[in-house]
Amino acid sequence: MNHEEKYTDDDYSVRMSDLRLWRKLLGFIAPQWRWVCLAVFLSLVITCTSLVLPRLVQVGLDHYILAGHMDTEAKMRGIGELSFVFLLLVSVGFVANFLQVLVLEWTGQRTMHALRQRLFSHVMNLNLSFFHSIPVGKLVTRLTNDVQNLYEMFTSVIITLFNDGVRLVGILAILFWMNWRLALILSATFPIMLVITLWFGRLSRNAFRRIRAHLAEINAFIQESVSGITVIQLFLREADLGRRFGRLNDRYRDAAFYQIHVFGIFVPLIEVMNSIAMALIVWYGGGEILRQHMTIGVLAAFISYMRLFFQPLRELSQKYTIVQSAMTSAERIFDLLEVRDSLPVPEKSMIPRNAPGSIEFSGVRFEYEPGRPAIRNVSFFVNAGETLAIVGATGSGKTTIVNLLERFYDPLDGCIRVGGEDLRELDLHWLREQIGLVMQDVFIVPGSIRENIALDRPISEERLERIVSLSQLSGFVKNLPDGPNTRIGEGGMNLSAGQKQLLAFARVLARDPGILILDEATANVDTETEMLIERAIQAAMAHRTSIVIAHRLSTIRRADRILVMDGGRIVEQGTHEELMQAGGLYQHLQTLQNGFSHVGETVEAEAG
Ligand SMILES: Nc1ncnc2c1ncn2[C@@H]1O[C@H](COP(=O)(O)OP(=O)(O)O)[C@@H](O)[C@H]1O
Ligand SMILES: [Mg+2]
């Protein structure tokens with residue numbers, strides 16, 4: 001496994017000019033259009049107030065402070081009035097700013113709330129095959145980080161970009177109106193600034209992409225290392241992994257450093273441009289004042305406006321990062337939303353009145369990956385109440401049959417019927433409720449034993465007791481401090497593998513499904529528990545159609561029919577006696593196992 005080469009497909013490169021993406025984003029914000037309009041209106045108010053302030057200073061300077069023909073009292077009054085208007089505008093700006101933040105946060109939170117909800121429901125309904133194709137970590141990132149990135153962009157960038165745009169245009173208009181020659185001189189710096197900004201945009205997109213790709217690698221590496229920690233420590237791989245992590249870590253640091261270089265050049269460059277523009281204006285404006293073509297107030301206002309003008313440009317680098325990461329996130333979120341990997345649902349799905357009886361596979365073919373069939377031409381029939389056993393080596397397709405029966409996937413060819421009805425016609429919820437599946441791994445819900453057996457369904461005290469006793473858990477539960485109310489799982493007691501198995505049988509009994517499936521359920525338990533489990537199995541199988549995979553010999557012997565699978569095909573089928581007589585693969589497996597049993601080992605029915 002080469003960690004360093006993996007997951008690099010993650011580096012989406014998104015252009016900010018990607019209109020398709022912006023359209024989709026707009027679609028998401030559209031339901032909140034009233035609030036967005038309010039935010040835009042408020043931002044116009046904020047911009048207007050901030051643009052009037054330098055003009056007030058100019059009026060104060062030219063008309064009152066430096067005006068020669070006025071008496072001091074009139075000047076003082078005028079200045080007082082101006083100061084009052086100044087204060088008023090500042091207050092209005094403050095209130096508008098406050099309201100805008102509220103409106104934006106509110107709208108943003110609501111939009112993201114809806115988006116998270118939609119993403120989650122969407123993911124929950126996707127076909128199992130989708131989950132095999134994407135690591136869990138990535139899915140979690142989509143629903144948390146990516147949504148958060150969008151939120152940040154929405155609240156701190158989209159509206160401010162609009163603000164800044166309005167402000168820049170407004171400032172230019174005012175400058176040309178105040179003194180068009182001075183404004184023209186200022187404009188001379190624009191082409192240079194445009195070049196700098198475009199150049200910066202390209203560099204920083206590259207830097208950003210590299211950082212993301214390296215970070216994705218680091219995440220994947222940590223995730224895999226932690227989940228494989230037992231193997232890593234067992235084989236003393238710690239130092240080696242540490243070195244490999246070091247290489248990834250180096251690359252990430254270098255990429256981050258490169259980005260800092262880019263930013264580190266951009267911000268001072270904008271600063272230099274600001275100063276150059278300032279020098280030009282002081283030089284030309286000073287001359288104009290001396291020639292009495294312009295007032296001191298206009299020059300002062302010009303300089304104030306220029307500060308306002310360059311401020312958004314200085315912040316551009318920061319916003320660029322947010323937008324870049326939000327666009328990437330948006331792309332990935334929309335990609336996820338567009339995955340249409342759910343099973344086709346019939347227009348009117350059927351819920352049969354009776355519990356399902358028989359199970360039929362006819363000519364079923366299925367492959368997880370194109371071109372690599374997991375099972376082919378599988379046909380068999382199980383009558384209601386009968387037991388079918390399936391044996392075969394690992395990878396021969398046994399679990400695939402279960403997956404298809406649970407309709408985690410649809411067969412590519414052939415047809416599966418339960419109680420005579422095609423699975424594709426049946427209500428999926430009903431179907432899964434009818435099947436009790438016991439696997440080797442038993443999922444324990446953190447909570448009491450009672451909750452783990454009933455799984456959110458009401459259960460009477462007597463019924464619980466009967467189930468506990470049938471599933472051979474009484475001895476265990478009796479000795480617990482709180483009986484069936486003892487907490488197990490995370491933060492509670494730990495159960496042994498055998499106890500978990502018994503619990504799984506208790507769950508099946510509580511749910512009372514028409515079909516029972518055991519998929520290598522008792523692969524690793526001790527001999528004592530084995531006997532308990534044997535009894536629990538008998539209780540669970542009574543009156544149910546059952547499929548038993550690679551199980552204890554005794555259970556398989558008692559099965560009404562046995563399928564022997566090899567390489568995705570059924571190679572033999574019949575009763576135990578028939579198959580033993582036939583002298584094929586089954587007999588071979590049996591002899592192998594009996595051989596081991598004589599040595600006194602507890603061996604599973606076969607290698608599966
Ligand atoms: N999620 C999956 N994605 C791709 N291939 C799979 C998946 N699950 C099983 N397979 C393949 O399908 C074949 C049958 O697997 P399975 O039914 O699990 O075998 P068994 O249960 O008999 O050990 C194997 O070749 C296995 O590699
Ligand atoms: Mg299996």
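Domain bounds are those given by an automatic or database domain assignment. The structure is a predicted model, in which local features need pLDDT of at least 70 and side-chain atom pairs count only at pLDDT 80 or more, while totals for chains, interfaces and linings use all residues. Residues are numbered from 1 along each chain as its sequence is written, chains are lettered from A and ligands numbered from 1 in the order in which they are written, and side-chain values use heavy atoms, with hydrogens and water left out.

**Exercise 1.** State into which domains the protein chain is divided.

*Solution.* The chain is divided into domain 1 (19-179), domain 2 (180-293) and domain 3 (359-598). As a further step, the C-alpha centres of domain 2 and domain 3 are found to lie 57 Å apart.

**Exercise 2.** Find which elements give two or more residues to the shell around ligand 1.

*Solution.* Begin with the residues that surround ligand 1, among them H132, Y368, E369, K398, T399 and T400, where a residue is near a molecule if one of its heavy atoms lies within 4 Å of it. Next, look at polar contacts (pairs of N or O atoms within 3.5 Å): an oxygen atom of ligand 1 is 2.8 Å from a side-chain N or O atom of K398, a polar side-chain atom of T399 lies 2.6 Å from a ligand 1 oxygen, and for the side chain of T400 the distance is 2.5 Å.

Definitions and conventions: A polar contact is a pair of N or O atoms within 3.5 Å; within protein, one must be able to donate a hydrogen and the other to accept it, and residues adjacent in sequence count only if both atoms are side-chain atoms. Helices (H or I, at least four residues) and strands (E, at least two) are DSSP runs, numbered from the N terminus.
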